[in-house]
Amino acid sequence: VKLHNLSSSKVLGLLCSCGLYDQAFLLASYHDLPPPLGSLTSRCVNVAQHFAAHSHLPSGFTDWLALNNVPNTDELNPADRAWLYLQTKVEAHGDWESLRAVLAQMLSAPFPPPFWLLKLCKLVNTEGTIRLCAQYDSLQLAVNLAIGYIGAVAGRETRDFGLENSLQSNMPPVYVPYTVFDQVLLQLKQKTDKSSAELYKDLVEQINSHIDLLERVCDDNTYLNRDKLVYSLT
């Protein structure tokens with residue numbers, strides 16, 4: 001194959017198919033192409049799934065790790081090394097499109113996203129993360145994130161969800177993605193299994209709790225504004 005006759009995107013695809021991800025990321029950066037995180041994620045998922053199922057990997061299955069700048073210590077198995085390499089690449093980018101590409105690849109596998117990825121996703125775009133989970137029918141994860149976000153609005157782990165402040169009468173308003181919550185509830189309601197029913201109940205309870213908090217904060221804000229008005233008139 002004469003590489004000079006190929007477009008940069010095709011060369012990028014060839015590099016990924018050969019497992020040359022260090023060069024692929026450099027090429028993508030140089031030509032302003034999307035980083036090949038989806039391809040890398042797919043390889044990491046394959047390694048993790050094979051390793052979990054067989055505790056050993058076929059010959060040559062992880063040769064691509066040696067072709068890249070991947071940590072190699074006795075404490076890390078091939079799957080751990082692959083995840084660490086992916087984490088390094090994801091954190092080097094960190095924008096939502098990159099995170100979305102990685103999360104979508106895992107959810108479509110399906111493969112449970114690691115903690116570090118979810119931590120980044122909910123920090124950058126919790127609403128988008130919940131919507132993506134719902135899109136791939138990963139409703140348990142969607143509910144967990146939704147409940148976590150409601151808790152963040154109430155003052156628990158607020159900064160972990162990318163919020164500047166919690167819901168308080170003397171602070172700026174806090175955005176709550178009710179439309180996405182409704183989408184998750186609708187999908188759960190359409191299912192007939194007991195687990196989905198319990199998830200539906202849990203999320204509804206948390207939403208109702210949030211609405212109670214919102215009403216209290218609105219009442220407090222009304223009193224504060226009334227006191228300010230009285231003070232200004234005296």
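Rings of Phe, Tyr and Trp (its six-membered ring) pair if their centres lie within 6.5 Å, and the planes of a pair count as stacked under 30 degrees apart, edge-to-face over 60 and tilted for the rest. With that in hand, welcome to these close-ups of a predicted model, in which local features need pLDDT of at least 70, side-chain atom pairs count only at pLDDT 80 or more, and totals for chains, interfaces and linings use all residues. Residues are numbered from 1 along each chain as its sequence is written, and side-chain values use heavy atoms, with hydrogens and water left out.

**View 1. Tyr21, Trp64 and Tyr85 form one aromatic cluster.** Four aromatic pairs are present in the structure. In the tilted pair of Trp64 and Tyr85, the centres are 6.4 Å apart and the planes make 55 degrees. Trp64 belongs to helix α4 (residues 63-66) and Tyr85 to helix α5 (residues 78-93), so this pair links parts 21 residues apart in sequence. Helices here are DSSP runs (H or I, at least four residues), numbered from the N terminus. Trp64 and Tyr85 are both buried (under 20% relative accessible area, with a 1.4 Å probe and protein chains only).

**View 2. Tyr149 meets Phe161 edge-to-face.** The ring centres of Tyr149 and Phe161 are 6.1 Å apart and the planes stand at 85 degrees, so the pair is edge-to-face. Tyr149 sits in helix α8 and Phe161 in the loop between α8 and α9, so parts 12 residues apart in sequence are tied together. Tyr149 counts as buried because its relative accessibility is 5%; for Phe161, also buried, the relative accessible area is 7%.

**View 3. Helix α8 packs against helix α9 (residues 178-189).** For α8 and α9 the angle is about 145 degrees and the axes are 11 Å apart. Leu139, Ala142, Val143, Ala146, Tyr149 and Ile150 of α8 are in contact with Phe181, Val184, Gln187 and Leu188 of α9 (heavy atoms within 4.5 Å).

**View 4. Thr158 lies in the loop between α8 and α9.** Thr158 is buried because its relative accessibility is 12%. Beyond residues up to four places away in sequence, Thr158 touches Ala152, Leu163, Asn165 and Ser166.

**View 5. Trp64, Leu86 and Leu117 touch the most other members of the largest nonpolar core, which has 65 residues.** Such a core is a set of buried Ala, Val, Leu, Ile, Met, Phe, Trp, Tyr and Cys residues joined through side-chain atoms within 4.5 Å. Leaving aside neighbours within four places in sequence, Leu117 contacts Val90, Leu99, Val102, Leu103 and Met106.

Methods:
Buried means under 20% relative accessible area, exposed over 50%, partly exposed in between (1.4 Å probe, protein chains only). Axes are lines fitted to C-alpha atoms, for helices over the stretch in contact, and angles run from 0 to 180 degrees between N-to-C directions. Helices (H or I, at least four residues) and strands (E, at least two) are DSSP runs, numbered from the N terminus.
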